[in-house]
Each structure stands twice: as structure tokens, then as C-alpha cells.
Amino acid sequence: MAASRRVAISLLLLVAAMASSFSFSPCTAQSSSSCASYTFSSNQQYGSCATLPRLGATLHYNYTAAASTVAVAFRAPQPAGGKGWVAWGINPSGSGMVGTQAVVAFRHSNGSLVAYPTVLGSYAPSMAPAAAKDLALPVSGVSAEENGKAKEVVVYATVALPAGKGTKFNHVWQQGSSVAGDVPAAHPTSGDNVLSVGSIDFSK
């Protein structure tokens with residue numbers, strides 16, 4: 001419960017910061033040494049990538065128009081020497097945190113690296129794994145790995161985008177330095193951690 005309250009406070013502050021500015025940084029596909037030329041462990045290929053403007057994160061993706069799906073690989077610096085967590089998500093209906101469907105990854109107390117979808121359905125989300133019936137956007141292929149050389153965590157997922165909603169969505173990415181009771185604890189409430197939001201067009 002304490003961990004959930006810390007997450008709730010963090011999310012409230014983030015929403016307040018977003019509401020005050022109500023501006024989003026567009027993320028466009030771009031080529032750079034850390035983006036387009038990145039080599040994945042299993043040689044996965046992604047046609048597009050975006051160097052995100054906060055937290056040193058990068059999003060690689062393949063959009064399939066016929067199926068209205070996007071396969072993503074979200075890369076973020078490994079927080080707190082591997083003791084923290086990273087997350088990326090889409091808000092299919094709004095611009096704030098509430099309503100965001102995310103994939104989160106962290107080191108479990110049993111030593112394994114876990115990744116799963118979760119729903120930020122309120123200002124006090126449980127951050128627990130979401131059941132398939134609770135996902136507005138069906139998600140498959142969720143997994144994560146660590147790149148020790150680059151000191152990064154890579155989270156993989158394929159998301160089914162809502163029909164008739166186009167290809168441009170608001171998205172959120174985040175990282176925190178601790179996990180309590182196998183639940184992501186609150187992230188910092190200043191600097192880049194309250195500015196890590198944007199919009200992305202998966203068709204580009």
C-alpha cells in the first residue's frame with residue numbers, strides 16, 4: 001500500500017506539471033548512432049526510431065497498417081544500477097497519465113527481469129500486471145532484457161492500436177530508482193521525470 005501511495009503522489013505531481021504546460025514534444029523518426037544503427041541482441045529490425053527528448057530513452061518501432069499494430073522496443077538507461085524500473089506507454093484517449101496503458105520492466109526480488117502491461121486507470125494505480133480483459137489496447141510479446149555493455153534496459157511489446165484513431169498518439173515514458181515489494185516505487189518529481197511526455201506518429 002505504501003508503494004502505491006508513493007506512485008499515486010508521483011503521478012499527481014506529473015499530471016499537475018503536464019496540465020500547467022499542456023504542451024507535448026513531438027518525436028520524429030531520426031537517424032543517429034544511438035538510434036538507427038543500434039544492434040539488438042537477436043538482430044531484430046525496426047524501420048523507424050525516435051530519440052526521445054527526456055531521460056536518455058529511445059523508441060524503435062515497426063507499424064503494420066494492415067493489422068493496425070505497432071511493434072516497439074523501448075530502450076532506457078538502467079536506473080540505480082539495475083535496482084530501478086523503466087516504463088513506456090500510450091494514452092489512447094487523452095493527454096494525461098490517467099488512461100495510459102504502459103509496459104513496465106524491473107528486476108524482481110527473485111532475481112529475474114520481469115515485464116508486463118499495466119493500466120494507469122486512476123491517480124493511485126496498483127502498478128500490478130493487467131489482465132487482458134482490462135486492456136483497451138491488446139498487447140502481446142511483452143519481454144525485457146538488459147544490455148550490460150550499454151547499461152540499458154530494453155522492453156519489447158506489440159500493441160494493437162484502436163481502429164479509426166489514426167496513427168498519432170500521446171505517449172509517456174518513465175524511470176524510477178527503486179522497487180518496493182516487487183512494485184515500482186515513485187519516480188523523482190522534478191526535472192526530466194515530469195517532462196517525459198510527447199506525441200508520436202507511428203506511420204513516420
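This is a predicted model: local features need pLDDT of at least 70, side-chain atom pairs count only at pLDDT 80 or more; totals for chains, interfaces and linings use all residues.

Entry 1: I looked up the strand order and found an open sheet of 5 strands, arranged E2-E3-E4-E9-E8 with antiparallel pairing. I then asked which strands stand at the edges. They are E2 (48–51) and E8 (139–147); each has a single partner strand, so one side of each is left without a neighbour in the sheet. I also noted the angle between neighbouring strands of this sheet: on average they are turned by 15° against each other, direction ignored.

Entry 2: I next examined E3 (residues 58–64) and E4 (residues 69–77), which run antiparallel and are joined by 7 bridges. For Tyr61, I recorded Val72 in E4 as the bridge partner.

**Entry 3: cavities.** How many cavities of 30 Å³ or more does the whole structure hold? My search returned 3.

**Entry 4: the lining.** I listed the residues that line the second largest cavity: Trp88, Gly89, Ile90, Gln101, Ala102, Val103, Pro117, Leu137, Val139 and Val159. Strand E5 (85–91) and strand E6 (100–107) each supply at least two residues of this lining. I then sorted the lining of the second largest cavity by residue class, which gave 8 nonpolar residues, 2 polar and no charged.

Technical notes: Residues are numbered from 1 along each chain as its sequence is written. Side-chain values use heavy atoms; hydrogens and water are left out. Two strands pair if DSSP finds at least two bridges between them. Helices (H or I, at least four residues) and strands (E, at least two) are DSSP runs, numbered from the N terminus. Axes are lines fitted to C-alpha atoms, for helices over the stretch in contact, and angles run from 0 to 180 degrees between N-to-C directions. On a 1 Å grid over the protein atoms alone, a cavity is a set of points where a 1.4 Å probe fits but cannot get out, and a pocket is an open set with protein on both sides within 12 Å along at least five of seven lines; lining residues have an atom within 4 Å of a point. Grid points are joined across faces, edges and corners, and a volume is the space filled by probe spheres set on the points. Ala, Val, Leu, Ile, Met, Phe, Trp, Tyr, Cys and Pro count as nonpolar, Asp, Glu, Lys and Arg as charged, and the others, Gly among them, as polar.
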